[in-house]
Amino acid sequence: MTGSVSAWARKIAELFDAHRLRVERAIARRTGDPQTAGDLAQDAFLRLARLPDGEAIQNPAGLLYVVADRVALDHCRAAKRQRLREAGPPDEELPSSGPGADMVVERNQTMARLRGAIDSLPPKTRDVFLLYHVEGLSYRAIGERLGISPRTVEYHLRTALEQCRAHMKRRPMR
């Protein structure tokens, strides 16, 4: 057993000599923190060295980079948690990053008007419009489904767009 541990330890030492600088650079890129990259790289090598049955690993260098990426990710998450703790609770006076209530109401009203415009289309024109814009079918596929020519599909789409534009330009009902 001691022979296998020493063989794995030798392999880790070889990996350290061959890959340390590249692992540190990869971690520094991932974290944006070159000062701690050396410590995090050592942590990655230690995690790899502590794996049971290390000799059975087919690609230790590849696994090293996976472990290093995980160490860097853990570091980034811990740093973010620390920044959030230091920042304290969110200030109720700060504006929200989402849309304001007036924007939400306006968007909902616009969507309702658009649904009304689509609902007011003649049935076949509405079907063509929905098949094209919602289901993403081609003119040919729509024509085959509805038993009309692609040219007629084009006519119905043009009609639908003209009628929807006219409907949306009218003053909304209050």
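Reader: Is Arg-70 buried, exposed or partly exposed?
Author: Arg-70 is partly exposed in this predicted model.

Reader: Which side chain does Arg-70 meet in a salt bridge?
Author: That of Asp-69, with 4.0 Å from N to O.

Reader: And how exposed is Asp-69?
Author: Asp-69 has a relative accessible area of 30%, so Asp-69 is partly exposed.

Reader: Which other residue forms a salt bridge with Asp-69?
Author: Arg-30 does, and the closest N and O atoms of that pair are 3.1 Å apart.

Reader: What about the exposure of Arg-30?
Author: Partly exposed, with a relative accessible area of 40%.

Reader: OK, other salt bridges. What does Glu-135 pair with?
Author: Glu-135 forms a salt bridge with Arg-145, and their closest N and O atoms are 3.2 Å apart.

Reader: Where do those two lie?
Author: Glu-135 is in the loop between α5 (123-133) and α6 (139-146), while Arg-145 is in helix α6. The pair therefore ties together parts that are 10 residues apart in sequence. Glu-135 is partly exposed, at 48% relative accessible area.

Reader: Which residues do shared partners join into one network?
Author: Arg-30, Asp-69 and Arg-70, through their salt bridges.

Reader: How many salt bridges does the count come to?
Author: Seven.

Reader: Changing topic. Which residues touch the most other members in the largest nonpolar core?
Author: Val-23, Ile-27 and Leu-48 do, in a core of 17 residues.

Reader: Which elements give two or more residues to that core?
Author: Three helices are named: α1 (2-31), α2 (34-49) and α3 (60-87).

Reader: Say more about Leu-48. What is Leu-48 in contact with, leaving aside neighbours within four places in sequence?
Author: Trp-8, Ile-12 and Leu-15 are on the list, along with Pro-60, Leu-63 and Leu-64.

Reader: Last thing. What does UniProt list for residues 113-164?
Author: The UniProt entry, which is unreviewed, gives them as "domain: RNA polymerase sigma factor 70 region 4 type".

Reader: How much helix and strand is there over residues 113-164?
Author: The chain is 79% helix and 0% strand over that range.

Reader: And how far apart are the end C-alpha atoms?
Author: For residues 113-164, the end C-alpha atoms are 9 Å apart.

Technical notes:
Residues are numbered from 1 along each chain as its sequence is written. This is a predicted model: local features need pLDDT of at least 70, side-chain atom pairs count only at pLDDT 80 or more; totals for chains, interfaces and linings use all residues. Side-chain values use heavy atoms; hydrogens and water are left out. A nonpolar core is a set of buried Ala, Val, Leu, Ile, Met, Phe, Trp, Tyr and Cys residues joined through side-chain atoms within 4.5 Å. Buried means under 20% relative accessible area, exposed over 50%, partly exposed in between (1.4 Å probe, protein chains only). Helices (H or I, at least four residues) and strands (E, at least two) are DSSP runs, numbered from the N terminus. Contact means heavy atoms within 4.5 Å. UniProt positions are given in the numbering used here, feature names are shortened, and annotations may be inferred rather than shown by experiment.
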